[in-house]
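This briefing sets out selected strand, aromatic and charge features of the structure shown below. Please read it with the sequence and coordinates at hand.

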Amino acid sequence: RTFLQWRKQIHCRRRTNATTSSFVNYCTNKPTTIMVVIKFDYDGDVRRVTVENVPTMEELRSLIASLYREKTGSYSVKYKDDDGDLITVASDREVTEAFRLFENLNTILRFQIVSTQDLTASAIEREWTAEEAIHNAQCDICNQRIKGTRWKCRGCPDYDLCNRCYTAQPHPHPQHSFVRMEKRKKMTEFCLDKSIAQEQERLAEERLRAELLRREQDQIRRMEDENRRLEEEKIRMEEEATRRLQEETRLREEEERRMEEEQRRIEEENLRRQMEALDIAQKQAERMAREEAERIERQRIEAERMEKERIERERAEQERIERERLEKERLEQVRLDKERAEQLERERLEKERIQREADAKKALEDKKSSEMAKYVVPLQTLTDMGFCDVEQNVDLLVKHNGDVMAVITSLLN
C-alpha cells in the first residue's frame, strides 16, 4: 500500500514537471530534492534544462552564461505572467515568485533573454528607460502617482505599491505575492543616414547567416546531448529500480522490527500506566480519608462554636429581658407615684373648691340674711301682695336699691 501511494505521488508530481525522491526518502520522510524544468529563449534560440530546486538569480545568470557562451553583452531576463505582462526578473525574490506562479499554473517556466545593447538592424533607433515612466496607478501607502517600477499584488483586487514603499513597507497580507511591472517611456527617436542603414543591413545579414549556422550546430549538439542523457537516464532508472527493491526489502524488515519494538514499548507503557493508576488511586483514597477526617474535625469545632454562641445569646437575651423587666417596674412605680401625687393633688384641689364653695355659700347666705334684715318691710309688703319668691324679691330689691314700686313693675313685666 505504501509503494502504491508513492507511485501515485510520483504521477502527480510528474504532471507538475517535477520529479520526486526515491521510495526510500518517501518512506523515511527525508527532505526531497525537487527537479525543475526551465526553458530559455534567446533571439529564437530555445534551450531546455532541468535543475535541482529553485535557483537563485546568480545561479540563473551562470546557467544562461553556460548555455549561450558565444553570446556576450548585457541582457535582462523576462517572462510572461498569467495577465500577459512581460515581467523582468532581477532578484532572488522575483525568481522564486516566477517559479511559484508557473507551478500554480501547472506549466513550464519560459524565460526570455533580451539584449540591452544598442539596436543596429533597424532604420529607426529607439532608446527606452523606466526610470521616470509614469503608471496609471497610485501607491496605496504614500498615495503618490507611481513612477518607475510598479509592484502589483496578486491577491488583492486593487493594491499597488511604488518601488520605494515596496522595499520599505511590509504588505498587510504577507501570504500574497507581487508582480513587478515596468512601463517604459520613449526618450529619444532619430533616423539614421541611408548609408549607415545599408551598412547595418549588411551586418545584420552576416549575423543572421552566422546565427543560422550556429543554430544548426547547436541543434546537432543538443540531439547528441539528449541521446546521451536518455541512455544515462535509462541506466539510472534500472539502477534505481534495483536499489528500490533492495531498499524496500530492508525497509520491510526494519518496519517489522520497529513494530515489534513498538508493541513491546506499548506493553511496557500499559504496565507503567496501570502501576501509576494504582498509585494514584491509593493516594486519592488516602487524600479522601484525610479530607473526611479534617471535615469531621471542622464540623465538631464548628458545632462547639455554634453551641457557645447559642449559650452566649441565651444569656444575653436573659439579661436583656431582666433589664427590660426592671425598667418596666421602675416605669410602673414612677407612673403609680405620679398618679398618686396627681390623685392627692386633685383631692386637695377638690377640698379647696368645696371649702371655697362652702365659704361662698355661707357668705351669700350671710349677705342674704343681712339684705333680708335690711328689706324686711318691703319683703313683707311684696309677700302680702302675692309675690312669695323671697330670693327673687331680695335680688330685685338689691338691684333697685329698695325701690318697691320698681320691683313690683319688674315682677309684673
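Strand S1 is mostly covered, with six of its eight residues buried; the model in which this is seen is a predicted one.

**Strand S1 and its partners**

- S1 and S2 run antiparallel and are joined by eight bridges, and within this pairing lysine 39 has arginine 48 in S2 as its bridge partner.
- The hairpin that S1 and S2 form has two residues between the strands, and aspartate 43 in this hairpin takes a positive phi near 55°.
- With S5, strand S1 pairs in the parallel sense, over five bridges, and here aspartate 41 stands opposite glutamine 112 in S5.

**Threonine 50 in strand S2**

- Threonine 50 is found in strand S2, which covers residues 45-52, and it counts as partly exposed because its relative accessibility is 48%, a value that falls between the 20% limit for buried and the 50% limit for exposed.
- Although threonine 50 and valine 36 are 14 residues apart in sequence, their C-alpha atoms are 5.5 Å apart in space.
- When residues up to four places away in sequence are not counted, threonine 50 touches Met35, Val36 and Val37.

**The sheet of S10, S9 and S11**

- Three strands make up an open sheet with the order S10-S9-S11, and their pairing is antiparallel.
- Strand S10 (160-162) and strand S11 (178-182) stand at the edges of this sheet, and because each has a single partner strand, one side of each is left without a neighbour in the sheet.
- Neighbouring strands of this sheet are turned against each other by 30° on average, with direction ignored.
- Strand S9 (residues 149-153) is joined to S10 by three bridges, the two strands running antiparallel, and lysine 152 has aspartate 160 in S10 as its bridge partner.

**Aromatic contacts**

- The structure holds eight aromatic pairs; in the pair of tyrosine 42 and tyrosine 68, the ring centres are 5.2 Å apart and the planes lie at 65°, so the pair is edge-to-face.
- This pair links distant parts of the chain, since tyrosine 42 belongs to strand S1 (residues 35-42) while tyrosine 68 lies in the loop between helix H3 (57-67) and strand S3 (75-80), 26 residues apart.
- Both tyrosine 42 and tyrosine 68 are buried.
- The ring of tyrosine 68 also has a charged group over it, for the charged end of arginine 47 sits there at 4.8 Å from the ring centre.
- One aromatic cluster is formed by Phe40, Tyr79, Phe99, Phe102 and Phe111.

**Salt bridges**

- The count of salt bridges comes to 49, and one of them is formed by the side chains of arginine 110 and aspartate 41, with an N to O distance of 3.5 Å.
- Arginine 320 counts as partly exposed at 32% relative accessibility, and glutamate 324 is partly exposed with a relative accessible area of 36%.
- Salt bridges that share partners also join Asp45, Arg47, Arg214, Asp218, Arg221 and Arg222 into one network.

Definitions and conventions:
Residues are numbered from 1 along each chain as its sequence is written. This is a predicted model: local features need pLDDT of at least 70, side-chain atom pairs count only at pLDDT 80 or more; totals for chains, interfaces and linings use all residues. Side-chain values use heavy atoms; hydrogens and water are left out. Helices (H or I, at least four residues) and strands (E, at least two) are DSSP runs, numbered from the N terminus. Buried means under 20% relative accessible area, exposed over 50%, partly exposed in between (1.4 Å probe, protein chains only). Contact means heavy atoms within 4.5 Å. Rings of Phe, Tyr and Trp (its six-membered ring) pair if their centres lie within 6.5 Å; planes under 30 degrees apart count as stacked, over 60 as edge-to-face and the rest as tilted. A charge sits over a ring if NZ of Lys or CZ of Arg is within 6 Å of the ring centre and within 35 degrees of the ring normal. A salt bridge is a side-chain nitrogen of Lys or Arg within 4 Å of a carboxyl oxygen of Asp or Glu. Two strands pair if DSSP finds at least two bridges between them. Axes are lines fitted to C-alpha atoms, for helices over the stretch in contact, and angles run from 0 to 180 degrees between N-to-C directions.
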